Amino acid sequence: MTPTTDSLTFLGAAQTVTGSKFLLQIGERRILIDAGMFQGEKQWRLKNWEDFPVPADTISDVILTHAHMDHSGYLPALVKNGFAGPVWCTAGTRDLAAIVLRDAGFLAEREARDAAAGGWSKHNPPLPIYTPEDVERTIPLLTPVDFDREADLGDGIGVLFTRAGHILGSASVTVTTPLTSVLFSGDLGRHDHPVLRPRDIPPGAPVVLVESTYGDREHPEPVNLPHEDFADAVRRTVQRGGSVLVPAFAIDRTEVVLRTIAQLRADGRIPDIPVYVNSPMASAGLEVYKRAGGELHPDIDVGGFAKMSNVHIVRSAEESMALTSGRRREPHIVISSSGMVNGGRVLHHLERMLPDARNTIILTGYQGAGTRGRALLEGATQLKMHGQYVPVRAEIVADREFSVHADASDLMDWLRALDPPPRTVYVVHGEEEAAARLAGRIRGELGLLAVVPSYAERILLDAPGGEVAPAATSVPAAPVAAASVPAASAPAESVPAASLPVASADLEGATVNSDLTIRTRSAGEIVLEGTITIRLAAGKNPG
């Protein structure tokens, strides 16, 4: 492959905690790291329906860090639109992604059908973003690679998966090119994951992307007994004759919640009331975890969690409807997905349980902006579901000890351990404040260049001849007059240059960022290729 300037475009998880997608342009190859679905706020969810910035059939490979929807859920949409290349991932990610995507295809089709019947969609007819058939064409593309063994993608490109300790199969990914290497953290696990073995440290790279979901906070340490918020909420609820709903991510979180309930029961801290796991995806995920072996702590028996006395795995739609109908009057615990209360069977439980003040909803993980879980966390008095509003009278409790995302100190420890240290760190997969706080800490404590990229921003990696191309070089603002510059619809594609007339007035507070590269030189002429971004301070006007 002829050496050329490599580039990286941030097509998701940039100043948001969702929709992870990073496009590497390596020579003629386009490689997408993660293909996540945008969730949460409407401004991001709408991007799921937009045309992908580059044609799907021009992407040669996809690399998955792990199986969660915000990292893998857009894959069938790419396949629907022409992608047919390999999807590189670990064996655990392959097995879990098949479960996640099948569930997503089923839900997408059912929600479109329900919206048509209920008349609450603006579209006529409402259509799913992809179908179960698209999912079945996607699953055979999942190509497993062992941890710590580099896979050859051809053209001098390799990919290495290093254990990330977030969920089963989760990995940090190092992509090596003929000119450089880029490390993608994926979602990093805590140093003390309750079920999985700890994360490993990948080799360092000049360019590193690090997640920042909890980049502005530390996980709380139990003051007395672990998970006392959870235990106390269960005891209070049972005393007043109510039931507990635990919205939990189907993959990994359900296993952790079941392990916690087993421990609380064994210690006599909660009563032995019935527990119902009402999530087909969670049930299937439990089976994958049972077979995982080497990725789990040696003393963990996932199969034993589901075999506890008075634990019931709800398998059929009929059993689920019987449970959500409210016919079971005795106090009980329901574990159901999704964890941010965005869809799935948990919505039916929520509709029934929220109006009753005897009940309790226990949130067990991160609640993204724009989700129902975040609304409950912030004190919502009503929620809209299935076209109707439901009053919130149930008690809402958050047990923050369940999170398996690395907190700020974990993230800093991971970066500090990279050898060699990175030249540039791009802080991604976090809300704006969390990403900015982590970037500041990286600059202050590690002395590294840390940048929070924007959506659709494109940066250059190493230039031809081994020269370093500036990722986001700040240059003095040139005196220019106000001009309208058309936005690029495809950030990794060439777009016509806008004409900017020069004037004598300075742009107060302006910063010009460029990633220009010299392409050709001839007598009296130099051709530059790349982008220039001009940022103005709010309220500043030229002249």
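The dialogue below takes up a sheet, then a pair of helices.

Guide: This is a predicted model, so local features need pLDDT of at least 70, side-chain atom pairs count only at pLDDT 80 or more, and totals for chains, interfaces and linings use all residues. Residues are numbered from 1 along each chain as its sequence is written, and side-chain values use heavy atoms, with hydrogens and water left out.

Visitor: In what order do the strands of the open sheet lie?

Guide: Strands of a sheet pair through backbone hydrogen bonds, either parallel or antiparallel. Strands (E, at least two residues) and helices (H or I, at least four) are DSSP runs, numbered from the N terminus; two strands pair if DSSP finds at least two bridges between them. Here seven strands follow the order S7-S8-S9-S10-S11-S20-S21, with mixed pairing.

Visitor: Which strands stand at the edges?

Guide: Strand S7 (151-154) and strand S21 (449-451) do; each has a single partner strand, so one side of each is left without a neighbour in the sheet.

Visitor: How many bridges join S11 to S20?

Guide: Five, and the two strands run parallel. Glu 211 has Val 428 in S20 as its bridge partner.

Visitor: At what angle do the axes of H7 and H8 cross?

Guide: Axes are lines fitted to C-alpha atoms, for helices over the stretch in contact (heavy atoms within 4.5 Å), and angles run from 0 to 180 degrees between N-to-C directions. Helix H7 (residues 253-266) and helix H8 (residues 280-290) cross at roughly 80°, their axes coming within 9 Å. Thr 254, Glu 255 and Leu 258 in H7 meet Ala 282, Gly 285, Leu 286 and Tyr 289 in H8.
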